[in-house]
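User: I have a model on the screen and would like to learn how to read it. Could we go through it feature by feature?

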Amino acid sequence: MLPEMLLELRPNLDYAAVVVLFCIGLYAVIVKNNLIKKLLGLNIMETAVFAFIVTSGMVEGGAPPVLGPGVMPPLASPLPHALILTGIVVALATTALALALIIRIYLQHGTIEADQLRELD
Amino acid sequence: MKKPLVIALLILLALALLAAMAELPAVGQADAPVHTHVSARYIEQGEAETGAHNLVTAVLLNYRGMDTFGEVLVLFTALCAGFAVLLAAARNGNKHYRQPPAPQESGAVPVIAVSPVVSFVVRLLAPFIALFAAYVILKGHLSPGGGFQGGMILGALFIALTLVLGKQYSARLLPVAWRPWLYALAPAAFLVVGMIGLQLTGYFLGYPQEPAWHGVREAMMVTLEIAIGVGGAVLVASLFLALESD
Amino acid sequence: MSELFDLVLLALLITIALLVVRARDLLVAAIIFSGYGLGLCLLWLHRGAPDVAMAEAAVGAGVTTVLFLVAIGVTGRKEK
């Protein structure tokens, strides 16, 4: 069953890489104890999702979706690009907010290790 | 003890995801559903309908302008939340866990001296980076680029200059009295342009279609790009300053 | 050629992600993460998304890393 599945995945190798990246990020979020490390893992997960969506908008041999002289179809789909563009900026804002919370936690409790924080309350 | 369990679960998750991915149309296949519905229309008619050569900008500002308006509001909210979290900490004065003791006197000398090479190169390149950012913002509807990208470049430039020149220069680069207005610039611009669109076409954020109105349409798009760019730069800069200051 | 580039880039990204997760020193992890952003920027360019690549180069490789570094400066760089 597994080899067949891998064979089917052959044209979707890019998607497989995205899955691996997502799982690496999720691993860091679950296992790592340090809040900043968890946030790095969360960022890796985010970028994996971005990579998935942008990859889905790609066309074989397609040009970027910017029209001009000499640009011939096929063009990559502009919709995923627009979504991810806003997604990247929102990811930056949420990361900054999370870092602000982490700094606040550190100032309040003197640690950002999840298990020590759990013992505190 | 916990680790092997997590890894086993993650492998299961990965297998499930891979099985789902195997069902998707192949990467780059031109007749996949992504390319046959709205995207086909955007590519065929986008230039005529929006006047933007860069279709990503066309989607961002025109077809899905409402989404971008919401996104700008999300950024504004994130900025407010960041300030609320950090400024409350500063006011409570609970700083007993701060690691480096004795913060320097009013930002006179940085703790670690900035290398003269880095300082020189950043100051040398700053005008060119600013020019590039302005180009990216203003030409966003014609070539790759746009408000978000240019704004992020400007914000990164601001961070580099603050790191090199010290914090007392940040007030000169971004005057304190302007800041509250700049935070709200992007949502306000969307509101104003949206209202103009409402007057002209009867739809919020609607753009006039007639060829005679092409200049107005372009002016609306450039206004939004500039507002997003400046707003994005201020967002990055003030989040950096807020994180740094406490 | 293009497919080979793609494969190498994806393998590189996965390796960098593993290094980020494995690094004990948070400072090292944050710096490697900026390299991850740069790799992603190349990937976007390769996928025909220059707009996204531009944003990723400024955000992923620049601003996010600086914000992480600022936070690490407050909380200390060693992961216990």
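Analyst: Start with how elements are named. Helices are DSSP runs of H or I with at least four residues, numbered from the N terminus. By that naming, A:Ala17 lies in helix α2 of chain A. Keep in mind throughout that this is a predicted model.

User: Is A:Ala17 buried or exposed, and why?

Analyst: The idea is to count C-beta atoms around a residue; 20 or more within 10 Å make it buried. A:Ala17 has 22 C-beta neighbours inside 10 Å, so it counts as buried.

User: Which residues is A:Ala17 in contact with, leaving aside its neighbours within four places in sequence?

Analyst: A:Ala17 is in contact with C:Leu10 and C:Ile14, once neighbours within four places in sequence are left aside.

User: How much confidence should I put in chain A?

Analyst: Look at the mean first, then at the elements. Chain A has an average pLDDT of 86, and 90% of its residues score at least 70. Its lowest confidence is in α1(A), with a mean of 63, and its highest is in α3(A), at 93. Where pLDDT is low, the predicted coordinates should not be read in detail.

User: How many helices and strands does chain A have?

Analyst: Chain A has five helices and zero strands, and its elements follow the order α-α-α-α-α from the N terminus. For overall form, compare the radius of gyration with a rule for globules. In chain A the radius of gyration is 20 Å, well over the 14 Å given by the globule rule for 121 residues, so the chain is more spread out than a compact globule. The box filled by its C-alpha atoms is roughly 60 × 45 × 15 Å along the principal axes. Of the 121 residues in chain A, 57% are buried.

User: What does the sequence separation of contacts look like in chain A?

Analyst: Take contacts between residues at least 6 apart in sequence, then ask what share joins residues at least 24 apart. In chain A that share is 44%.

User: And how do the other two chains read on these points?

Analyst: Chain B has 11 helices and zero strands. Of its 246 residues, 36% are buried. Among its contacts with a separation of 6 or more, 69% are between residues 24 or more positions apart.

Chain C has three helices and zero strands, in the pattern α-α-α. Its C-alpha atoms fill a box of roughly 45 × 25 × 10 Å along the principal axes. Buried residues are 51% of the 80 residues of chain C. For contacts in chain C between residues at least 6 apart, 51% join residues at least 24 apart.

User: How many residues does chain A put in contact with chain B?

Analyst: For an interface, list the residues on each side, then the elements and residue types. Here 51 residues of chain A are in contact with 51 residues of chain B. On the chain A side, α1 (2-9), α2 (13-31), α3 (35-56) and α4 each give two or more residues. The most come from α4(A), with 20 residues. By type, this side of chain A has 36 nonpolar, 11 polar and four charged residues.

User: Where does chain B touch chain C?

Analyst: This contact takes 18 residues from chain B and 14 residues from chain C. On the chain B side, α7 (147-165) and α11 (214-245) each supply at least two residues. α7(B) gives the most, with seven residues. The chain B side divides into 12 nonpolar, five polar and one charged.

User: How do I judge a helix such as α11(B)?

Analyst: Compare its span with the expected value, then check burial. α11(B) has 32 residues and reaches 46 Å from first C-alpha to last, close to the 46 Å expected at 1.5 Å a residue. In α11(B), 23 of the 32 residues are buried, so the helix is largely enclosed by the rest of the structure.

User: Which residues of the largest nonpolar core touch the most other members?

Analyst: In this core of 132 residues, they are A:Leu21, A:Leu99, B:Leu243 and C:Leu67. Helix α4 of chain A (residues 78-109) gives the most to the core, with 19 residues.

Key
Residues are numbered from 1 along each chain as its sequence is written. Chains are lettered from A and ligands numbered from 1 in the order in which they are written. This is a predicted model: local features need pLDDT of at least 70, side-chain atom pairs count only at pLDDT 80 or more; totals for chains, interfaces and linings use all residues. A nonpolar core is a set of buried Ala, Val, Leu, Ile, Met, Phe, Trp, Tyr and Cys residues joined through C-beta atoms within 7 Å. A residue is buried if 20 or more other C-beta atoms lie within 10 Å of its own, exposed if 12 or fewer, and partly exposed in between; C-beta atoms are placed from the backbone. Two residues are in contact if their C-beta atoms, placed from the backbone, lie within 7 Å. Ala, Val, Leu, Ile, Met, Phe, Trp, Tyr, Cys and Pro count as nonpolar, Asp, Glu, Lys and Arg as charged, and the others, Gly among them, as polar. The radius of gyration is taken over C-alpha atoms; the globule rule is 2.2 Å times the number of residues to the power 0.38. pLDDT is the predictor's confidence in each residue, from 0 to 100. The expected span of a helix is 1.5 Å times one less than its number of residues.
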